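User: I am new to this structure and would like to know what the terms rest on. Could you show it and take my questions?
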Number of protein chains: 2
Amino acid sequence: MVLLSQTKIATTGKKRVVIIGGGFGGMELAKSLAGTDLQVVLIDKHNFHTFQPLLYQVATTNLEAPSIVAPYRKIFKQQSNLFFRLAEAKQIDTTNQTVETSIGMIRYDYLVIATGATTNYYGNEEIAARAISIKSLEDALLLRNTIISNFEKALQVEDEMQLNSLMDFVIVGGGPTGVEIAGALSELKRHVFPKDYRELDFVKMDIHLIQSGGEILKGMSPAASKKSLKMLNDLGVRVWLNRRVISYDGFAVKLSTGEQLVTRTLIWAAGVSGLPVNGLSEECMQDSRIKVDEFNRVAGYDNVFAIGDIAAMVTEEMPHGYPMLAQPAIQQGKLLGRNIRRWEAGKAAKPFKYNDMGTMATIGKNHAVADLMVFKKQIRTQGFRAWLIWMFVHLMSLVGFRNRVVVLINWVWKYFTNDAGFGTIIGKPKENIPVEKVTEKVLV
Amino acid sequence: MVLLSQTKIATTGKKRVVIIGGGFGGMELAKSLAGTDLQVVLIDKHNFHTFQPLLYQVATTNLEAPSIVAPYRKIFKQQSNLFFRLAEAKQIDTTNQTVETSIGMIRYDYLVIATGATTNYYGNEEIAARAISIKSLEDALLLRNTIISNFEKALQVEDEMQLNSLMDFVIVGGGPTGVEIAGALSELKRHVFPKDYRELDFVKMDIHLIQSGGEILKGMSPAASKKSLKMLNDLGVRVWLNRRVISYDGFAVKLSTGEQLVTRTLIWAAGVSGLPVNGLSEECMQDSRIKVDEFNRVAGYDNVFAIGDIAAMVTEEMPHGYPMLAQPAIQQGKLLGRNIRRWEAGKAAKPFKYNDMGTMATIGKNHAVADLMVFKKQIRTQGFRAWLIWMFVHLMSLVGFRNRVVVLINWVWKYFTNDAGFGTIIGKPKENIPVEKVTEKVLV
């Protein structure tokens, strides 16, 4: 066994692929290099992979956190050429071919940047400090703690405005994440919270969805977009189109059209931006993403690559690069793995060709919209059938057989009982304005 | 529906039972008052009940945290006279019959203190600040994060002494908790970590158990005590009898007999003390516990009660009160519920009589010791049969059908794969000495 921490690269005689980030792209790449003569070093600031598409279900108490994550050491247990390090990349030095990390320097032969994306607050520091996003497991748990804490606090409040601030939710962004969280909150309002908080009147719980454009799910077909709006309306979600949030003080949300909403929970699902690593030339950046060619090679470098959300593979059809979704990341990770094998074998690499399998979003129980490509045939469906497809695809995409079993049990349980079970507050909620100001009541 | 936060007690016309703490005792009491004409107010600083006997399995990555807890609002969903409040009790005022809490004053007709116990460091502040205990879910998650982080850091370390400090564990206390955690760590050493950390040599991982007396599990039969010592020895746990820990600087553990052990993880399972609430007279305290009569009534008060770990019901056979375990708490909670109903009906109350059902401890896979009382017959068994009984009893004691199913799946999974799956670091580990000092290595 080669001890990485005590090993000069000369003693192994193997070329090293360093992958920064174990999201969908990084994980697939690492897997596809199994069995090669390369030494693969995966670094990530978490010791587990997160299945981001289901984070909103953790936030809304439908799933427990452990069932949508998988420790890297379990994923790669069988892969002897994979070395995982819990570390954060600080700086790339392309001249010396090293990455400076929180635990020391790592030398590379191939470097792959798969750092993904972070929430984009478009420079609004006030909102960045006070809103909650849903990009990481920590975010999702923070949102869950905040939702539950708000209802616990609401029991102590008499003032109507204060009550509204605790019972109302404002979601910014009408993409799949915003739509899915709005649907899930409306399920909680209808089926779960009235049983949990019998003392509160849930007519008062309002769910607002703010969308800057004139339609929601704008990346999807007009049919999906229109149907999802109707589904949200039927669920009682108030959708505000053609508006932006201009300020939020932890209590009042001001919209660009002058309206003002009151909430202590502003959920930000309005945009993402790439999360690059220091050390690449400025020329290779396009906004926050890294420009790559059709082999995911970073412009100007031979052995530095970027895949997934962080990579902007600009083509004629895709002037801004592929959408920041799981599928392009997975496909780029797999292809880069095969291309690295080809280069090592002295063969020519193959260019990336995106196989768009479509998009889906679920909106509460029994409802979803799906624009799918199956064997190059376009299938557009909305409603119960789309919901079944959504569940099947997400279940099968989860990492780990045990996770699939546990998530299935929870979904079946929830389907028949209409109850979401994981309303535990572990850790702290987000508190922009202290509780003390809210609770001056005496319970007598 | 009566809105508690907006209600003067006169408007309900009902007597109110206030229970501080929803552990085994408080939860059973609240349940046993279902269907009465009393208003039951349960306050707890967590919004969930914790099944403490399995905390060590969360700490050692065998179970996920959510499957051993249950939110109070789910437990009491059907009980319309139960009002839960997420609050901490600060001060009792027996003259005015109120409890001051973190969210305001609560008036009571009956007050029941069920605050349980906390870790007892016997006044050693240095150890209290640096050791990790296993009394709460937060403790268990902190211990898990620390164990996993230590192995991640160990990969970067060359110095043998530093490596020992990260790979070795010292457990203080030879009661069931200490013995169970030692057994679980030795399972991780044998079956799990060598696969997760192929680069480390697990011959170097030492597990030390320190016991002040001359035997472990001293509350159990001599057979159980002797057999468990043999089982631990067979698993490679180093048991140090007749020793106490006198100091711990975050690195070196000094024992009363002069030996010194090195570890960054000192697990404290050496004692508990009651966690009383301010406001009772000093006369009714016995050490940290509250003296109660055979009806769990606090000495000197008519309508103030204490149950479970916090209550010292002193009898001739039990000069220090009943052991601080789940069973006395459950039985006292149930009886007090029935007695309150009797008093309300103008009937005489029944005194507490402890039905000792025995004690168990599990020691790694396939091994446990059990001293049981079944239909007043003493059954003492050690080994595989005791282990099956231990599993069955703990599984059936869990709150919630879904929790039982998920725990069963995890145990069956672990039995056949020998793998513990929940090695995720969510939140922070305990770091007495910063990582930077350990990791000066460069990965080249």
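Analyst: In chain B, five strands make an open sheet in the order E5-E2-E1-E9-E22, with parallel pairing. This is a predicted model, where local features need pLDDT of at least 70, side-chain atom pairs count only at pLDDT 80 or more, and totals for chains, interfaces and linings use all residues. Residues are numbered from 1 along each chain, chains are lettered from A in the order written, and side-chain values use heavy atoms, without hydrogens and water.

User: What makes Arg85(A) and Glu199(B) a salt bridge?
Analyst: The term asks for a side-chain nitrogen of Lys or Arg within 4 Å of a carboxyl oxygen of Asp or Glu. Here the closest N and O atoms are 2.7 Å apart, so the pair qualifies. Across the interface of chain B and chain A, the rule finds 10 salt bridges.

User: Which residues count towards the contact between the chains?
Analyst: Contact means heavy atoms within 4.5 Å; 66 residues from chain B and 66 residues from chain A take part.

Definitions and conventions:
Two strands pair if DSSP finds at least two bridges between them. Helices (H or I, at least four residues) and strands (E, at least two) are DSSP runs, numbered from the N terminus.
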